[in-house]
Amino acid sequence: MKSYDIIFIHPPRTLKHNYGKKARFIRGSYLFIPMGVFAIADLLEREGFGVKIINYPLEQFLDINWSLKDYLKSINFDICGIDLHWIHNSHAVIEIAKIVKSVNSNVKIILGGLSASYYRNDILKYFKEIDAIISGDGETPFLQYIQKVNHNKLLDSVPNLSYQDSSKHIKENPISYVAKTLDDLNFTNFSLLKNAKYYFENSRKMMGISGVIPIGRGCRFNCPLCGGGQRAQQLLAGRNNVVLRSPEKVIEDINNVLNKFKVPSIFFGHGAYPSNLKYWEQILKLLQKENLDIGGDLEIWRLPFPKEMWKMFSKTFTRRDSSISISPRTTSHRVHQKIAKICDPTFNFPLNQIKDTIKNANLNLTKLRIWLTMGYPFQSFIDVMKDFIFASKCILKYGKSNFKPITIMNEAYYIFPGSPAHESPESFGIKLKYNSFLEVVEAFKKAKKSYFYNVINYKKRFITGTNIQNLNTLFLIHAAPLFLTSSLKFTKTMDE
Ligand code: SF4
């Protein structure tokens with residue numbers, strides 16, 4: 001029987017046993033493991049502990065009859081880490097914790113990730129299976145937690161830790177560990193992940209993107225629905241700044257991934273915006289020197305993204321497997337202005353700059369995905385109609401040509417805990433549906449698997465969550481000609 005000191009389990013979106021081959025088409029099964037898990041696991045291994053990472057949705061994808069319980073019975077382990085970064089995993093995390101404790105009630109279960117950080121008190125109060133939660137950055141706190149547990153010592157000096165003490169009282173230590181640099185962490189020790197080869201080689205099939213490479217931590221913006229923005233990170237992780245990895249480390253990681261796995265592209269886990277363009281230039285230049293045959297997926301977090309950058313991007317990466325994404329969420333200047341006033345003055349995507357972005361994508365034959373959301377805060381019926389018209393114009397102009405690589409994507413959205421709209425819903429003219437973690441778990445328990453977000457947690461004055469979802473489905477169908485021509489035929493044409 002194999003023995004580990006610590007295992008990490010990445011939870012699925014739902015525990016229903018219907019992944020199998022279908023999962024190829026289900027982005028909602030959410031295969032991605034938050035990159036911090038790799039860094040923590042590697043640090044623990046360097047400190048002499050036996051570590052394994054298990055990706056639940058991947059295991060079920062590979063074998064529909066795979067059972068976590070049976071697998072856990074076949075190994076020995078003392079501590080189990082489960083990531084609860086994305087809120088969509090809420091129900092599955094709790095169910096997995098119950099399975100772990102049913103196999104061995106002495107195992108300590110520790111959660112981490114932004115959603116766990118947000119709901120730490122609720123989780124520890126209502127779910128006795130969970131022994132501890134780390135808020136924010138996890139490397140040093142996790143290591144110290146294990147050292148203290150192993151020596152039966154008090155946990156009150158472990159940074160960022162919330163836990164149940166021996167008398168089952170909830171204790172919360174201050175968030176005092178915030179990583180100042182990421183260059184001493186290793187995000188590519190894939191030997192620790194069960195079935196790593198399949199993880200990297202199936203990500204694209206399931207998620208549409210592959211091979212995530214961490215670039216930094218933190219964000220300087222405050223998009224209304226995002227739980228990873230500047231203020232949310234300050235609240236949940238004590239992080240006041242953005243820390244970016246050295247470009248050389250990023251290139252080293254890309255080479256590590258490519259040397260081990262057949263991945264067509266790299267998804268960069270941090271976007272481009274005016275104040276970090278120099279940084280992106282350095283990365284692209286270094287990549288050009290490496291002369292790699294690889295695609296790149298990059299997000300533009302704030303405009304403008306100058307034409308020189310488009311040129312460099314298209315020169316660096318293969319066209320077939322590359323894309324640039326931007327998320328103005330609506331084309332309404334009125335909505336952007338309202339949001340700029342309430343939570344982020346940089347939330348500004350003027351239509352002329354979006355049109356310039358489209359022009360540059362066309363000029364450089366680079367796939368561009370523009371992400372919109374119907375039912376966005378402040379969006380009126382007229383704004384929604386304008387977004388439909390914008391999509392119609394794009395279809396007329398680019399919908400039939402394989403050489404115009406523009407896609408308009410849309411998704412209904414879950415308002416993430418810690419985001420500006422979550423913390424102050426009334427300022428955004430919305431009402432939240434779930435206010436406690438118990439309600440969140442219940443909502444995700446009932447949710448079906450879907451391509452996009454499967455639970456909508458808000459309503460607006462004249463539109464319910466269900467109608468927001470229906471409106472987004474209608475928009476998706478409306479914009480489908482762009483998706484079908486630019487994503488599929490474009491790829492084929494460029495290949496030929
Ligand atoms: S969605 Fe906005 S706030 Fe969130 S990480 Fe991206 S740019 Fe930052």
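Q: In this predicted model, how many nonpolar, polar and charged residues make up the shell around the ligand?
A: The residues around the ligand are Cys219, Phe221, Asn222, Cys223, Cys226, Gly228, Gly229, Gly271 and Trp301. Because Cys counts as nonpolar and Gly as polar, the shell divides into five nonpolar, four polar and no charged residues.

Q: Is helix H4 roughly parallel or roughly perpendicular to helix H17?
A: Helix H4 (residues 90-103) and helix H17 (residues 437-446) pack with their axes 7 Å apart and at an angle of about 95°. Angles of 65 to 115 degrees count as roughly perpendicular, so H4 is, relative to H17, roughly perpendicular.

Q: Which residues of H17 make the contact with H4?
A: By class, the contact of H4 with H17 has four nonpolar, two polar and one charged residues. On the H4 side the contact is made by Ser90, His91 and Ile94, and on the H17 side by Val440, Val441, Phe444 and Lys445.

Q: Which strands are the edge strands of the open sheet?
A: Seven strands form this open sheet with mixed pairing, in the order E2-E1-E3-E4-E5-E6-E7. Pairing on one side only marks the edge strands, which are strand E2 (51-55) and strand E7 (170-172).

Q: Which residue in E6 is the bridge partner of Ile133?
A: Strand E5 (residues 132-134) and strand E6 (residues 161-164) run antiparallel and are joined by three bridges. Within this pairing, the bridge partner of Ile133 in E6 is Ser162.

Q: At what angle does helix H7 run to E5?
A: Helix H7 (residues 139-150) lies across strand E1 (2-10), strand E3 (75-83), strand E4 (108-112), E5 and E6. Relative to E5, the helix H7 runs at about 150°.

Definitions and conventions:
Residues are numbered from 1 along each chain as its sequence is written. This is a predicted model: local features need pLDDT of at least 70, side-chain atom pairs count only at pLDDT 80 or more; totals for chains, interfaces and linings use all residues. Axes are lines fitted to C-alpha atoms, for helices over the stretch in contact, and angles run from 0 to 180 degrees between N-to-C directions. Helices (H or I, at least four residues) and strands (E, at least two) are DSSP runs, numbered from the N terminus. Angles under 35 degrees count as roughly parallel, over 145 as roughly antiparallel, 65 to 115 as roughly perpendicular and the rest as oblique. Two residues are in contact if their C-beta atoms, placed from the backbone, lie within 7 Å. A residue is near a molecule or strand if its C-beta atom, placed from the backbone, lies within 6 Å of it. Two strands pair if DSSP finds at least two bridges between them.
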